[in-house]
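Visitor: Hi, could we look through this one together? I'd like to start with the aromatic rings.
Guide: Happy to, here it is.
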Amino acid sequence: MNNKFDALKDDDSGDHDQNEENGAQKDGEKEKTERDKSQSSSKRKAVVPGPAEHPLQYNYTFWYSRRTPGRPTSSQSYEQNVKQIGTFASVEQFWRFYSHMVRPGDLTGHSDFHLFKEGIKPMWEDDANKNGGKWIIRLRKGLASRCWENLILAMLGEQFMVGEEICGAVVSVRFQEDIISIWNKTASDQATTARIRDTLRRVLNLPPNTIMEYKTHTDSIKCLSCSPLLYEGRRDHVYKPELSTERDQYYE
Amino acid sequence: MSSGSSCSQTPSRAIPATRRVVLGDGVHLPPGDYSTTPGGTLFSTTPGGTRIIYDRKFLMECRNSPVTKTPPRDLPTIPGVTSPVGDEPPTEASQDHLSSSPEDKPAGGEESQFEMDI
């Protein structure tokens with residue numbers, strides 16, 4: 001990995017801009033190299049595919065969260081409870097993490113796995129998420145592990161075909177049911193959200209009558225602070241109301 | 001035909017479950033717009049640009065790669081999540097990993113931040 005950047009840099013300094021376009025590209029690469037370096041000096045090295053590994057379109061980060069009983073679900077305490085597991089850049093690196101983590105169906109308590117593009121926090125407040133929303137599918141107990149695997153494989157393999165729109169996916173293990181969701185950047189982009197819904201149906205092999213609910217993150221944020229009555233008045237924010245279930249207390 | 005126009009004509013078509021490409025000759029593929037990954041999966045040009053696409057079957061096959069047998073070097077130890085409940089932390093894998101930086105310590109020290117009621 002290092003040698004890749006070093007090689008780029010050597011290439012940079014040795015070359016004397018034979019044509020403008022080439023030069024511009026190389027400058028771009030150089031900036032990237034320097035940015036990566038400054039990040040790595042302060043934090044950690046950029047994750048890149050190993051030799052002979054299969055690169056992914058994006059790097060992704062696994063997160064895990066577990067609600068501490070008794071604490072309010074403010075965004076601050078939420079952020080404290082979300083723990084990074086690690087970042088990967090290739091198919092093989094993904095399996096290396098995944099094979100050493102328990103399946104969601106074997107998690108205990110009120111906990112979640114999140115898989116988001118590197119740099120996007122699994123929080124509504126993140127810049128990539130703040131205008132976004134998510135498709136939510138509630139699953140009866142026993143289905144979460146399989147559905148989660150199919151969901152994230154589709155995401156990593158770029159099966160959704162919605163450009164840059166996908167932010168990440170979450171599986172939430174709850175008391176009586178499990179919930180999987182996939183987050184996208186632009187809640188108002190109906191072509192995108194419809195395509196995500198259709199892809200979900202295909203990759204998850206959902207029965208046609210499965211209820212899927214789209215929820216904007218602004219609605220999710222509002223529900224934390226407003227009364228249920230006030231919230232009812234904001235039903236017009238709900239995208240695809242005909243698909244919405246009873247919008248019960250799903251605040252996560 | 002240009003790939004741009006063909007993309008814009010079929011924005012809402014369902015994506016086929018399996019990717020099967022049968023080509024009698026090269027004329028169906030605009031040169032330069034399609035390519036393959038080292039594993040043979042087709043790259044194709046989408047409205048968002050060229051993207052690396054893998055189907056589920058291919059991804060599942062990669063699961064058997066020897067490199068996936070050892071945990072990532074910096075995998076944090078979270079009982080019940082990345083290690084069995086009550087088990088001692090796994091010994092640090094000495095496998096050469098993509099990151100060989102010495103400051104990349106395993107995140108075991110952060111465990112206390114995480115309240116677990118076991």
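**Aromatic pairs and cores**

Guide: This is a predicted model, and over all chains the count comes to 13 aromatic pairs.
Visitor: How are the rings of A:Phe116 and A:Trp183 arranged?
Guide: They are edge-to-face, 5.1 Å centre to centre with 90 degrees between the planes. A:Phe116 sits in strand S3 of chain A and A:Trp183 in strand S6 of chain A, 67 residues apart.
Visitor: Are those two buried or exposed?
Guide: Both A:Phe116 and A:Trp183 are buried.
Visitor: Why does the pair A:Trp135 and A:Tyr214 count as edge-to-face?
Guide: Their planes are at 70 degrees, with the ring centres 5.2 Å apart, so the pair is edge-to-face; the cut-off for that class is over 60 degrees. This pair joins strand S4 to strand S7 of chain A, 79 residues apart.
Visitor: And what is the relative accessible area of A:Trp135?
Guide: A:Trp135 has 0% and is buried; A:Tyr214 is buried too, with 1%.
Visitor: Switching topic, which residues touch the most other members of the largest nonpolar core?
Guide: A:Phe62, A:Ile85, A:Trp148, A:Phe160 and A:Leu200, out of 52 residues. Helix H5 of chain A gives the largest share of this core, nine residues.
Visitor: What is A:Leu200 in contact with, beyond its neighbours in sequence?
Guide: Its contacts include A:Trp135, A:Leu151, A:Phe160 and A:Met212.
Visitor: Now chain B: what pattern does it follow?
Guide: Along the sequence, chain B reads α-β-β-β-α, and 31% of its 118 residues count as buried.

Technical notes:
Residues are numbered from 1 along each chain as its sequence is written. Chains are lettered from A and ligands numbered from 1 in the order in which they are written. This is a predicted model: local features need pLDDT of at least 70, side-chain atom pairs count only at pLDDT 80 or more; totals for chains, interfaces and linings use all residues. Side-chain values use heavy atoms; hydrogens and water are left out. A nonpolar core is a set of buried Ala, Val, Leu, Ile, Met, Phe, Trp, Tyr and Cys residues joined through side-chain atoms within 4.5 Å. Buried means under 20% relative accessible area, exposed over 50%, partly exposed in between (1.4 Å probe, protein chains only). Helices (H or I, at least four residues) and strands (E, at least two) are DSSP runs, numbered from the N terminus. Contact means heavy atoms within 4.5 Å. Rings of Phe, Tyr and Trp (its six-membered ring) pair if their centres lie within 6.5 Å; planes under 30 degrees apart count as stacked, over 60 as edge-to-face and the rest as tilted. Lists of a residue's contacts leave out its neighbours within four places in sequence.
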